[in-house]
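Subject: Structure handover

Hello,

Please find the structure below. My notes on what was found in it follow.

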Amino acid sequence: MRLVWTTDPHLNHVPVSAWERWIGEILDQRGDALLVTGDISEGDDVVFELCRLAEAVDQSIYFVLGNHDFYQSSIATTRRRVMEICREHSRLTYLTDAQPMELLPGCFLIGEDGWGDATQGDYHGSPVRLNDFRLIDDFRRIPQDSWRERLTREGMASAERLRQKLDSLPPHATNVVCITHVPPYRDACWYEGHTTDDWWAPFFVCGAVGSVLSEFSESHPSIQMTTLCGHTHHPGVARIESNHVVHTGAAEYGVPRVEAVVSVNGDQVTVKPVHH
């Protein structure tokens with residue numbers, strides 16, 4: 001099975017010519033399914049963009065949402081609208097709202113949005129303030145001194161949903177492909193060939209999701225874990241455990257592209273980058 005992986009397309013910034021090249025590139029890979037690890041667009045048109053993608057790509061589309069997908073809206077409203085459209089379009093599967101999917105015997109696909117949860121790095125000392133705080137209703141409508149608590153709560157909610165999915169895997173599972181938007185570890189949070197510092201880590205790492213993935217991989221050494229994420233717009237690979245590798249994808253505003261092809265073959269999952 002061939003899974004075509006793309007991340008952070010930010011389709012609200014993409015001109016028609018770049019959109020057409022991207023769709024052509026996806027189709028050229030002749031995948032069995034498309035994986036999208038978030039930041040598809042923004043809250044006011046993410047449903048439109050998902051529908052447009054489903055019409056253009058003749059394959060199953062498995063995706064999670066990123067922080068930009070909630071801009072101009074709230075987290076709950078956007079998720080609800082996305083869940084509704086997935087029930088109308090059989091090709092669309094929002095993995096945050098789905099149970100583990102068996103791709104091939106023993107190989108399962110799971111997904112969760114994740115969130116920069118302020119558990120890593122130096123939140124209080126950081127001068128970084130993302131547009132999330134003024135463009136997502138959940139943050140815009142609460143006092144600034146409540147932001148950290150809300151970030152942590154979103155990360156914990158993602159981690160708990162992911163834990164339930166991992167716990168539901170059957171005994172014959174041998175491989176798990178997990179897609180998420182926010183890197184679950186500092187070691188997987190790449191920028192220009194280096195991993196994150198204390199100022200950016202609070203907003204670019206979901207420590208709660210990382211903890212759940214580590215607990216699972218350590219307690220199930222016979223299961224191979226492959227995690228795909230985005231958010232940083234810079235590529236990198238981090239081996240977290242002997243049985244767990246995290247691939248972080250690259251992105252450029254206005255120029256969406258295929259990041260890699262994920263090949264599932266028996267007990268082996270390989271990730272082959274397309275551009276680098």
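**Cavities and pocket**

About 30 Å³ of space lies in the second largest cavity. A cavity here is, on a 1 Å grid over the protein atoms alone, a set of points where a 1.4 Å probe fits but cannot get out, whereas a pocket is an open set with protein on both sides within 12 Å along at least five of seven lines; lining residues have an atom within 4 Å of a point. Grid points are joined across faces, edges and corners, and the volume is the space filled by probe spheres set on the points.

Before going further, note that this is a predicted model: local features need pLDDT of at least 70 and side-chain atom pairs count only at pLDDT 80 or more, while totals for chains, interfaces and linings use all residues. Residues are numbered from 1 along each chain as its sequence is written, and side-chain values use heavy atoms, with hydrogens and water left out.

The second largest cavity is lined by Thr6, Thr7, Asp8, Pro9, Ala250, Ala251, Glu252, Val255, Pro256 and Arg257. Its lining divides into five nonpolar, two polar and three charged residues. For these classes, Ala, Val, Leu, Ile, Met, Phe, Trp, Tyr, Cys and Pro count as nonpolar, Asp, Glu, Lys and Arg as charged, and the others, Gly among them, as polar.

In total the structure holds two cavities of 30 Å³ or more.

Asp132 lies in helix α4 (residues 132–135); helices (H or I, at least four residues) and strands (E, at least two) are DSSP runs, numbered from the N terminus. Asp132 is buried, with a relative accessible area of 4%; buried means under 20%, exposed over 50%, and partly exposed in between (1.4 Å probe, protein chains only). Leaving aside residues up to four places away in sequence, Asp132 touches Asn67, Tyr71, Trp115 and Phe139, where contact means heavy atoms within 4.5 Å. From C-alpha to C-alpha, Asp132 and Gln72 are 9.6 Å apart in space, and they are 60 residues apart in sequence.

The largest pocket has a volume of about 540 Å³. Among the 26 residues that line this pocket, Leu130, Trp200, Phe204, His231 and Thr232 are the closest to its centre. The elements that give two or more residues to the lining are α4, β8 (190–191) and β9 (194–195). The lining of the largest pocket has nine nonpolar, eleven polar and six charged residues.

**First sheet**

Six strands form an open sheet of mixed pairing, in the order β4-β3-β2-β1-β13-β14; two strands pair if DSSP finds at least two bridges between them. At the edges are β4 (92–94) and β14 (268–273), each of which pairs on one side only. Neighbouring strands of this sheet are turned by 20° against each other on average, direction ignored. Axes are lines fitted to C-alpha atoms, for helices over the stretch in contact, and angles run from 0 to 180 degrees between N-to-C directions.

β3 (residues 60–64) pairs with β4 in the parallel sense over three bridges, and Phe63 stands opposite Tyr94 in β4. Helix α3 (residues 75–88) packs on this sheet, touching β3 and β4, and its direction makes about 145° with that of β4.

The buried residues of helix α2 (residues 46–56) are Val46, Val47, Glu49, Leu50, Cys51, Leu53 and Ala54. Their cover includes α1 (16–28), β2 (33–37), β3, α3 and β4.

Strand β12 (residues 244–248) is mostly covered, with five of its five residues buried. His244, Val246 and Thr248 point one way from β12, Val245 and His247 the other. Five bridges join β12 to the parallel strand β10 (residues 224–229), with Thr227 as the bridge partner of Val246. β11 (residues 236–241) pairs with β12 in the antiparallel sense, also over five bridges, and a hairpin joins the two through two residues.

Regards
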